[in-house]
Amino acid sequence: MNKKQTILMTLCLMLAVEGWSQAMFQHPWQGKRVAYLGDSITDPRNSGAKKKYWGWLQDWLQITPYVYGVSGRQWNDIPRQANQLREEHGTDFDAILIFVGTNDYNAGVPIGEWWDERTTQVMAGIHKPKAMVTRRQRVPAKTAETYRGRINIALDSLKRMFPDKQIVLLTPIHRANFFANDKNWQPNESYQNECGEYVDAYVNSVKEAGNIWAVPVIDWNASCGLFPLIDNQLQYFAKPDIDQLHPNDKGQQRMARTLMYQLLTLPCVFE
């Protein structure tokens with residue numbers, strides 16, 4: 001066998017192995033039933049894009065979408081959306097994705113604290129007989145008036161409501177100007193909101209929530225690539241002159257493609 005024949009046979013073997021691998025591999029979220037909770041970027045009624053990210057995943061992975069996102073909603077609406085999911089589907093679904101937070105920033109919801117601390121007594125014993133000792137204890141702060149309190153309320157509720165379901169958090173994406181009308185005029189994320197916070201605080205709190213509540217976080221803010229504060233990136237948004245907040249079809253597709261690959265690292269079900 002000469003060198004040319006050897007190379008040709010090697011290529012044929014490589015192609016055969018690659019084809020076999022593709023035939024054997026299946027995305028872990030293929031054909032699953034997924035609930036989507038969130039705001040306008042998820043809401044099927046929002047006109048920013050004809051096909052949302054969950055629609056692309058439906059096409060590519062045959063995921064059945066149960067969509068509950070509503071335009072303008074904030075983290076305090078997530079328990080309501082979850083209750084609607086339970087009323088309509090019980091537990092007959094596989095996973096939940098939560099994509100919300102940009103409206104909390106725009107509304108100036110205070111960040112708040114994750115924990116309420118108190119001094120209390122608890123039974124403990126290390127290398128000596130157990131006895132009541134005084135210690136500091138922290139419990140999740142649950143107040144609807146703060147961003148972190150809202151996240152605590154929502155995730156506590158979902159963890160109790162759907163204890164065996166995969167729950168994934170998605171960070172808010174970057175946002176630029178949105179000029180709907182004189183009563184809805186939203187400046188871009190380079191400005192602080194009414195309570196003096198930049199959007200970063202809201203994004204980072206979602207990341208922190210992953211560790212606090214043992215839920216995976218996909219950092220769309222960093223990974224999806226959409227950055228409307230640069231004019232060249234406005235090709236991904238609904239209306240370059242007045243709506244640099246809602247991704248268009250091209251933007252939603254890019255978000256979906258990023259999400260599809262990120263979900264490869266996560267189980268959808270635990271059976």
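1. **The sheet.** In this predicted model, five strands make an open sheet. Their order is β2-β1-β3-β6-β9, and the pairing is parallel. As background, the strands of a sheet pair through backbone hydrogen bonds, and they can do so in parallel or antiparallel fashion.

2. **The edges.** Which strands sit at the edges of the sheet? They are β2, residues 64-67, and β9, residues 217-218. Each of these pairs on one side only.

3. **The β6-β9 pairing.** Look next at β6, residues 166-170. Two bridges join β6 to β9, and the two strands run parallel. Find Leu 170 and follow its bridge: the partner in β9 is Ile 218.

4. **A helix across the sheet.** Helix α5 spans residues 147-161. It lies across three strands: β1 (33-38), β3 (95-99) and β6. Against β3, α5 runs at about 175°.

5. **Two packed helices.** A packed pair of helices is described by two values, the angle between the axes and the distance between them. For α3 (residues 78-89) and α5, the angle is about 20°. Their axes are 9 Å apart.

6. **Who meets whom.** On the α3 side, the residues are Ile 78, Pro 79, Ala 82, Asn 83 and Arg 86. They meet Ile 153, Ala 154, Leu 158 and Met 161 of α5. Sorted by class, this contact has seven nonpolar residues, one polar and one charged.

7. **Helix α2.** This helix covers residues 53-61. Which of its residues are buried? They are Tyr 53, Trp 54, Gly 55, Trp 56, Leu 57 and Leu 61. The cover over them includes strands β1, β2 and β3. It also includes helices α7 (220-223) and α8 (249-262). Just after α2 comes Gln 62, with a positive phi of about 55°.

8. **The whole protein.** Now step back. The protein has eight helices and eleven strands. Its C-alpha atoms fill a box of roughly 80 × 65 × 40 Å, taken along the principal axes. Of its 271 residues, 45% are buried.

9. **Contacts along the chain.** Take the contacts between residues at least 6 apart in sequence. Of these, 71% join residues at least 24 apart.

Definitions and conventions
Residues numbered from 1 in each chain as written. Predicted model: local features only at pLDDT ≥ 70, side-chain atom pairs only at ≥ 80, totals over all residues. Heavy atoms only, no water. Pairing = 2+ DSSP bridges. Helix = DSSP H or I, 4+ residues; strand = E, 2+ residues; numbered from the N terminus. Contact = heavy atoms within 4.5 Å. Axes fitted to C-alpha atoms, helices over the stretch in contact; angles between N-to-C directions. Nonpolar A, V, L, I, M, F, W, Y, C, P; charged D, E, K, R; others polar. Buried < 20%, exposed > 50% of the residue type's maximum accessible area, 1.4 Å probe, protein only.
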